[in-house]
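This report walks through the structure shown below. It takes the cores and the sheet in turn.

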Amino acid sequence: MDSKALMEKIVSILDSKKAEDIKAIKIGDLTILADYFVIATGTSSTQVKMLTDEVDYQLGLMGIEPHKIEGYRSENWIVLDYTDVIVHIFHTETRDFYGLERLWADGEQVDISHLLTK
C-alpha cells in the first residue's frame, strides 16, 4: 500500500470512530521523517486510547504494523509511526497547546473531505 492510500485508510478509520478535527498534511517535500502526518483529536483520554487501538487493530488486520507507538501511557498525545505516515492523536487541550498544524504550516494540507462522514 502506498503512503497516500495508507493515509486515506487511517483517516477513514479515525472518522468511523468519531475522531474530531482530522487533518492530513503532506510533509514529504519538507522532511525525510514521513510523507504524511495525520492529526486527530479525541475528547477524552479514553477516546484517545480507543482511537489509537482502532487504528492499530484495523491496520494490523491488513498486515500493517506500526514501527513504533509513543505516548500510550500519557493518554494526551499518542503517536503511531507507520514510517511513511505518522499519526498524532491528541486530547483537545494538548493539541491546542502544541499546535502541530502551525509548526508544519509549510506542508500541504490534503483535502480529505471525501473521506469524512458529514
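Which residues of the largest nonpolar core touch the most other members?

## Basis of the model

This is a predicted model, in which local features need pLDDT of at least 70, side-chain atom pairs count only at pLDDT 80 or more, and totals for chains, interfaces and linings use all residues. Residues are numbered from 1 along each chain as its sequence is written, and side-chain values use heavy atoms, with hydrogens and water left out.

## The nonpolar cores

Met7, Ile10, Leu14 and Tyr82 touch the most other members of the largest nonpolar core, which has 26 residues. Two or more residues each come from helix H1 (3-16), strand E1 (20-26), strand E2 (36-42), helix H2 (45-61), strand E4 (77-81) and strand E5 (85-91). H1 is the largest contributor, with 6 residues. Another core lies apart from this one; it has 9 residues, including Ala34, Val79, Phe90 and Leu100.

A nonpolar core here is a set of buried Ala, Val, Leu, Ile, Met, Phe, Trp, Tyr and Cys residues joined through side-chain atoms within 4.5 Å. Buried means under 20% relative accessible area, exposed over 50%, and partly exposed in between, with a 1.4 Å probe and protein chains only. Helices (H or I, at least four residues) and strands (E, at least two) are DSSP runs, numbered from the N terminus.

## Around Tyr82

With neighbours within four places in sequence left aside, Tyr82 is in contact (heavy atoms within 4.5 Å) with Leu6, Ile10, Val55, Asp56, Leu59, Ile64, Glu65, Pro66 and Val87.

## The sheet

Six strands form an open sheet with mixed pairing, in the order E3-E4-E5-E2-E1-E6. Strand E3 (68-70) and strand E6 (108-109) are the edge strands, each pairing on one side only. Two strands pair if DSSP finds at least two bridges between them.

E4 and E5 are antiparallel, with 5 bridges, and Leu80 stands opposite Val87 in E5. E1 and E2 also run antiparallel, joined by 5 bridges; Lys26 stands opposite Tyr36 in E2. E2 and E5 pair in the parallel sense over 7 bridges, where Phe37 stands opposite Ile86 in E5.

## Strand E2 and its cover

Why is E2 largely enclosed by the rest of the structure? E2 is largely enclosed because 7 of its 7 residues are buried. In a regular strand the side chains alternate between the two faces of the sheet. On one side of E2, Tyr36, Val38, Ala40 and Gly42 are buried, and on the other Phe37, Ile39 and Thr41 are buried.

H1 lies across E1, E2 and E5, and runs at about 5° to E2. Axes are lines fitted to C-alpha atoms, for helices over the stretch in contact, and angles run from 0 to 180 degrees between N-to-C directions.
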